[in-house]
Amino acid sequence: MAEFIELEGISKTFPGLKANEDVNLKIKKAQVHALLGENGAGKSTLMKVLYGSYRADSGTIKVDGQAVTINSPADARAVGIGMVFQSFMLIPAFTVTENIALSLKELGLVIDKKEIEKGIREISDKYNFDVDPNAYVWQLSLGTQQKVEIIKLVMGGARLLIFDEPTSVLAPHEAEGLFKIFDGLRANGYSIIFISHKLNEVLACSDEITVLRRGKVVGTISRAEANEEVLVSMIIGAKMASSREYARKPLALDRKPILQLKDIVANNDRERIALDNMNLTIYAGEILGIAGVSGNGQKELGEVIQRLRLIKSGSIHFDGQEITQLSVSRVKQAGIACIPEDPLRQGAVGTMTVEENLALGDESSKDWLPMNWETARAKASYITDHFHLKMPRLNVPIQALSGGNVQRIVFAREMAANAKLLLAYYPTRGTDINAAEIIRTVLLNYRNAGGTILLVSEDLTELLSISDRLIVMYHGRNVGECQPENADINEIGHLMTDGKYAAHGQVA
Ligand SMILES: Nc1ncnc2c1ncn2[C@@H]1O[C@H](COP(=O)(O)OP(=O)(O)O)[C@@H](O)[C@H]1O
Ligand SMILES: [Mg+2]
């Protein structure tokens, strides 16, 4: 089969972070090529480079063997590359025909409305889309809007269609339908790049699979060579290099539970079940790691504990009292702090200085103003002294700092709160190797000083290296527990991907 698109040596750096590093990728004609990898692996960045939304620092893109320059989405469209975005680009108040007319006009194709309508009907019939050209977009389900996007790209002359996590907006049966559409497109010579972090989906629809990890290609394999086990070890990197470097806390017999979740049921933002009878116990003074492919309830777990999310049933006890019905601020006062998934967006105010951010959320300064500067400065030096975490200059706006430094500020503030439980969400995501190492050490120092941490991470190596205990979440449940020092990484991989132990044994 002929190569259609070739990416060679693509690198893309964001401040302090290599999002793509020397990436090679070949897409054949009439093929569904899956791009697989954990959140933050660099999939979207690579596709934005290919689609001209980002410019690569280095590397070449070839179309049909010819090097091309793609500096904008218009350049990409001109060589037949189209992208279906996670959030669709359609105008709700316009009809399907009007939306497509508009997009074709942007491509310089001015076509009579009747012709467009005819084209829409033809494509819709060919692929069984059942799209009415005269329907308003606001009337359409997300699944149908996706089909309109496909029609739009096909009519605009795209020959490669890039789908970035298209199933995240679909119900399971709609995902099946999308894969059938892929089959139809492939049969008509189109190429597809399908991005997902779900193994079952990738295995269901693709011809070839390329796995990215930390910005680099781990490998490309054919569907025939792929199975869950192979893919998991590629995604997470089967090495367990540093897992024995750190001293662990022996599990004491008289250990005291600090947090207990019993049969917690809660929905996600789309009103689907996210936590399905989740049970969990954290003991004082330990780091409890949560492993799992992202989207298996980890986010909702943290939100439920902080009381940011409605609990449908079940109970939460924390430090001797039931907190199931407490307010967000009461839970915070009770001693739960959180380093959020996206510190700059969720945990800090970008335009405020480091010092101001450190003063935020300070219970001792009752109202917003005046802020307690002395405490803020004291926090900075406390953190530096106790956890060996160096603070950046205090008088610069936080948005001027690198991601790693923003993380430090939010860390410092949350750790200085001396909470009884610290929720740490993906604390090293997006940081470089050195910063990640510092953060892990800080978390260990915190635990050694008596702190308790719930650590959510997609990096299994990291979880194994610093957790005292590890549980796996799958489909909103706690499906297994292990002690990292004698964990079997393949068993954990199994639990992560299908929620079951492999046939031959149990996790230690
Ligand atoms: N515009 C940006 N500025 C800074 N960092 C970014 C930007 N876009 C992505 N990143 C970072 O680059 C890394 C790769 O992100 P992304 O390509 O979105 O991964 P994926 O799509 O595989 O989840 C992540 O660490 C992310 O935080
Ligand atoms: Mg992405």
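Figure 1. Phe182 is buried, with a relative accessible area of 0%; buried denotes under 20% relative accessible area, exposed over 50% and partly exposed in between, with a 1.4 Å probe and protein chains only. The model is predicted: local features require pLDDT of at least 70 and side-chain atom pairs count only at pLDDT 80 or more, whereas totals for chains, interfaces and linings use all residues. Residues are numbered from 1 along each chain as its sequence is written, chains are lettered from A and ligands numbered from 1 in the order in which they are written, and side-chain values use heavy atoms, with hydrogens and water left out. A search of the whole structure gives 8 aromatic pairs. Rings of Phe, Tyr and Trp (its six-membered ring) are paired if their centres lie within 6.5 Å, and planes under 30 degrees apart count as stacked, over 60 as edge-to-face and the rest as tilted. Phe179 and Phe194 form an edge-to-face pair, at 5.6 Å centre to centre with 75° between the planes. This pair joins helix H6 (residues 172–187), which holds Phe179, to strand S8 (residues 191–196), which holds Phe194, across 15 residues. Helices (H or I, at least four residues) and strands (E, at least two) are DSSP runs numbered from the N terminus. Phe179 is buried at 6% relative accessible area, and Phe194 is buried at 0%. The ring centres of Phe182 and Phe194 are 5.5 Å apart with the planes at 65°, so this pair is edge-to-face. Phe182 lies in helix H6 and Phe194 in strand S8, so the pair ties together parts 12 residues apart in sequence. Ring pairs link Phe163, Phe179, Phe182 and Phe194 into a cluster.

**Figure 2. An antiparallel sheet of 4 strands.** The open sheet has the order S12-S11-S14-S15; two strands pair if DSSP finds at least two bridges between them. Strand S12 (273–283) and strand S15 (321–322) are the edge strands, each pairing on one side only. Strand S11 (residues 257–267) pairs with S12 in the antiparallel sense over 8 bridges. Leu261 has Leu280 in S12 as its bridge partner.

**Figure 3. Arg255 over the ring of Tyr283.** Arg255 lies over the face of Tyr283, at 4.0 Å from the ring centre. A charge sits over a ring if NZ of Lys or CZ of Arg is within 6 Å of the ring centre and within 35 degrees of the ring normal.

**Figure 4. Helix H1 and the residue Gly52.** Helix H1 (residues 43–50) is mostly covered, with 6 of its 8 residues buried. The buried residues in H1 are Lys43, Thr45, Leu46, Met47, Val49 and Leu50. Just after H1, Gly52 adopts a positive phi of about 85°.
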